[in-house]
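Visitor: I would like to learn how to read a protein model, beginning with a sheet and ending with a single side chain. Could you guide me through it?

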Amino acid sequence: MFKKILIANRGEIALRVIRACKELGIRTVAVHSTADANSLHVRFADQSVCIGPAKSADSYLNVPSIISAAEITDAEAIHPGYGFLAENPSFAEVCHSAGIKFIGPSADSIKLMGDKAKARETALKAGVPVLPGSDGVMREEESALDIARELGFPVIIKAAAGGGGKGMRVVMDETEFANAFIMAQSEALAAFANADVYIEKYITQPRHIEIQIMADEKGNIVYLGERECSIQRRHQKLIEEAPSVIVDASLRKRMGEMAVAVAKSVKYRNAGTIEFLMDEDHKFYFMEMNTRIQVEHPVTEMVTGIDLVKEQIRVAAGQTLSFTQDDIVIKGHSIECRINAECPEKFTPSPGTITAFNPPGGPGIRVETAAYTQYVIPPYYDSMIAKLIVHAETRADAIQRMRRALDEFIIEGVKTTIPMHQKILDDADFRSGNISTKFMERYYSQPK
Ligand code: MV4
């Protein structure tokens, strides 16, 4: 096992990794920008290194600085958390060359799944359902239009280097196609320095359901059930839950086995997530693979009782998975609300000083946060200040528990999205499980 790990991240996820290390008896090194000198991840780690100024590009994305910090502190491994360098194949490669274990998949896996057109091809070859679409990237508008006609409108044009919604264009009919195709290519070029786009049949009201997988370095791969992530806005998830109301044991097994098939086909290792779109007939299609631990991993932990971050560290150290597929049992229901320092109506950021902070407690409550009373939220990073996670026996009980916990959560000095969560939890469609990725659009167009 590693003796010392450097955590190349900040905020709640840095704390989450430090906690896992402490329980495994591993010493920790925090890295931080000048803006984060008073952060809890710095305080809770055994050692800390300032890696640069406030701007992420100069600190949390500064590869030479982070590698130097690992070298001077004798850290044997780096946990990247999510965001920042977590899905940067060259960072994984540099770690490897420097003799530092990157706690995650290989640089090759990250690179392959980062190209969404190649990821789609990979899933197809592994026998996993993908949406009807183009064979790889399309360069000429005319042949692209031919494909679109074959698929039937509406279609969606996606950037190969995209993901998370960037560089996508929905095309409702033939008359819009030429313009959308050229726009998608130039947007992709501007955003990713790569103009490659591909085409898929568009699903109008899909659910976003993803499967957590975990793989060791000996070829064992298991699935840990699904997360329902349809409640999102502008590709930012707001609420996630496990299990999904529409996934029963047999569908879970089918989706899980498909997720494992994708991972096996690329000799995947460590934690990963296969995202699926599900249509109204409950048919599912591969969408993307995320090659990191995700923000919403706690809901899976709550229903499986498995510590995913500890397991990431164990398998990176060469250990065999500590459980088999048969050991994994989904118990109860878990919901996570991401609480952001934002105006709950307009979603504009609300940085500043938290003047009062009192997280909820009691049975079935988990709060993942790096905030505290008098903490100053810097304007440089993302606006998530806490994840509130509940676990209960049934979905109805979990919703009640979340409402109770949101009522208890005191955050003063900045605006937060707590009122938005309270409204969603009171919504009849949400409560009945009648949700899709269009939920928030519908929700915010309703009179209040
Ligand atoms: C789609 C789709 C409908 N049909 N692909 C959004 C993010 C990127 N990963 C892919 N996305 C979508 N791809 C087809 N063929 C709808 C979306 C989509 C979406 C997906 C998941 C969660 C929220 C979403 C919001 C808008 C669009």
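This is a predicted model: local features need pLDDT of at least 70, side-chain atom pairs count only at pLDDT 80 or more; totals for chains, interfaces and linings use all residues.

Visitor: How do strands come together in a sheet, and in which order do the five strands of the open sheet lie here?

Guide: In general, strands of a sheet pair through backbone hydrogen bonds, either parallel or antiparallel. Here the five strands follow the order β3-β2-β1-β4-β5, and their pairing is parallel. At the edges lie β3 (47–52) and β5 (101–102), each of which pairs on one side only.

Visitor: How many bridges join strand β2 to β3?

Guide: Strand β2, which covers residues 27–33, is joined to β3 by five bridges, and within this region alanine 30 stands opposite serine 48 in β3.

Visitor: Which helix packs on the sheet, and which strands does it touch?

Guide: That is helix α1 (residues 11–24), which touches β1 (4–7), β2 and β4 (77–79), and whose direction makes about 175° with that of β1.

Visitor: Where is aspartate 279 found, and is it buried or exposed?

Guide: Aspartate 279 is found in the loop between β12 (270–278) and β13 (284–290), and it is buried. A salt bridge requires the charged atoms to lie within 4 Å, whereas lysine 283, the nearest side chain of opposite charge, is 4.6 Å away, so aspartate 279 has no salt bridge.

Visitor: Which backbone nitrogens does the side chain of aspartate 279 reach?

Guide: The side chain reaches the backbone nitrogen of aspartate 281 at 3.0 Å and that of lysine 283 at 2.9 Å. Not counting residues up to four places away in sequence, aspartate 279 touches Ile203 and Tyr285.

Terms used. Residues are numbered from 1 along each chain as its sequence is written. Side-chain values use heavy atoms; hydrogens and water are left out. Helices (H or I, at least four residues) and strands (E, at least two) are DSSP runs, numbered from the N terminus. Buried means under 20% relative accessible area, exposed over 50%, partly exposed in between (1.4 Å probe, protein chains only). Lys and Arg count as positive and Asp and Glu as negative; His and the chain ends are not counted. A polar contact is a pair of N or O atoms within 3.5 Å; within protein, one must be able to donate a hydrogen and the other to accept it, and residues adjacent in sequence count only if both atoms are side-chain atoms. Contact means heavy atoms within 4.5 Å. Two strands pair if DSSP finds at least two bridges between them. Axes are lines fitted to C-alpha atoms, for helices over the stretch in contact, and angles run from 0 to 180 degrees between N-to-C directions.
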